[in-house]
Amino acid sequence: MSAIKQRRERERAQRHQLIVTAARELAEAEGWEAVTTRRLAERVEYSQPVLYSHFTGKDDIVRAVAIDGFGELAAQLRRARLAHPEPQQSLHAVSRAYLEFATERPALYQAMFVMPTDVKFAHAETPPPLRAAFDEFVNCFRPDNPRRELFAEVIWSALHGIATLSDSGRIPPDIQEERLDFLITRLADTPS
């Protein structure tokens, strides 16, 4: 590959990431309804046709933001798990890290889990960053547990419910730790 072609590919990847970052920032500041190709083009100082050379539209941008977010989530969950090597402690730490992620990045969390995208979960086409995040939950259970993926899926689902209900104000945030303790204790006590 020529040096010119490599430079162009690098510049394209940088523009792509710039657009994704701008979309995230705009969504966090003003909500996803504020994210339009016109506003993004102004923000990144490129024309709308340049944006369309990277993304087919807003849904495609949301998908890219979501995949980016799954990479960040996986890294945060991994740090939490590695900091607490004992299985029940690691599950608690990973679960807490998940809820913190959802609370600290509400627009990003919406892109990842609430907004419609074609990102597939539990599928051959699941993006690697999403699989890596899920694997952090799986790795909290003993390798000889044949139901560890099922337990991880149930924990993730319950945490998503807690995060969504907390964000909407439908459940009070003051007993979050009690909810986590209840959830983790019940699953950790389940025989493999």
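Biologist: In which helix does Leu77 lie?

Modeller: Leu77 belongs to helix α4, residues 58-83. Helices are DSSP runs of H or I with at least four residues, strands are runs of E with at least two, and both are numbered from the N terminus. Please note that this is a predicted model, in which local features need pLDDT of at least 70, side-chain atom pairs count only at pLDDT 80 or more, and totals for chains, interfaces and linings use all residues. Residues are numbered from 1 along each chain as its sequence is written, and side-chain values use heavy atoms, with hydrogens and water left out.

Biologist: Why is Leu77 called buried?

Modeller: The relative accessible area of Leu77 is 0%. Buried means under 20%, exposed over 50% and partly exposed in between, with a 1.4 Å probe and protein chains only; Leu77 is therefore buried. Of the 192 residues of the protein chain, 40% count as buried.

Biologist: What is Leu77 in contact with, leaving aside its neighbours within four places in sequence?

Modeller: Its partners are Val94, Ala97, Tyr98, Ala133, Glu136 and Phe137, where contact means heavy atoms within 4.5 Å.

Biologist: Why are α7 and α8 called roughly perpendicular to each other?

Modeller: Helix α7 (residues 128-138) and helix α8 (residues 148-167) pack at an angle of about 105°, and their axes are 8 Å apart. Axes are lines fitted to C-alpha atoms, for helices over the stretch in contact, and angles run from 0 to 180 degrees between N-to-C directions. Angles under 35 degrees count as roughly parallel, over 145 as roughly antiparallel, 65 to 115 as roughly perpendicular and the rest as oblique. The two helices, α7 and α8, are therefore roughly perpendicular. Among the residues making this contact are Ala133 and Phe137 of α7, and Ile155 and Trp156 of α8.

Biologist: What makes a set of residues a nonpolar core?

Modeller: The members are buried Ala, Val, Leu, Ile, Met, Phe, Trp, Tyr and Cys residues joined through side-chain atoms within 4.5 Å. The largest such core has 58 residues, of which Phe70, Leu73, Tyr98, Phe137, Ile155 and Trp156 touch the most other members. Its largest share, 10 residues, comes from α4. Leaving aside neighbours within four places in sequence, Phe70 has contacts that include Met112, Ala133 and Trp156.

Biologist: How many helices and strands does the protein chain have?

Modeller: The protein chain has nine helices and zero strands.
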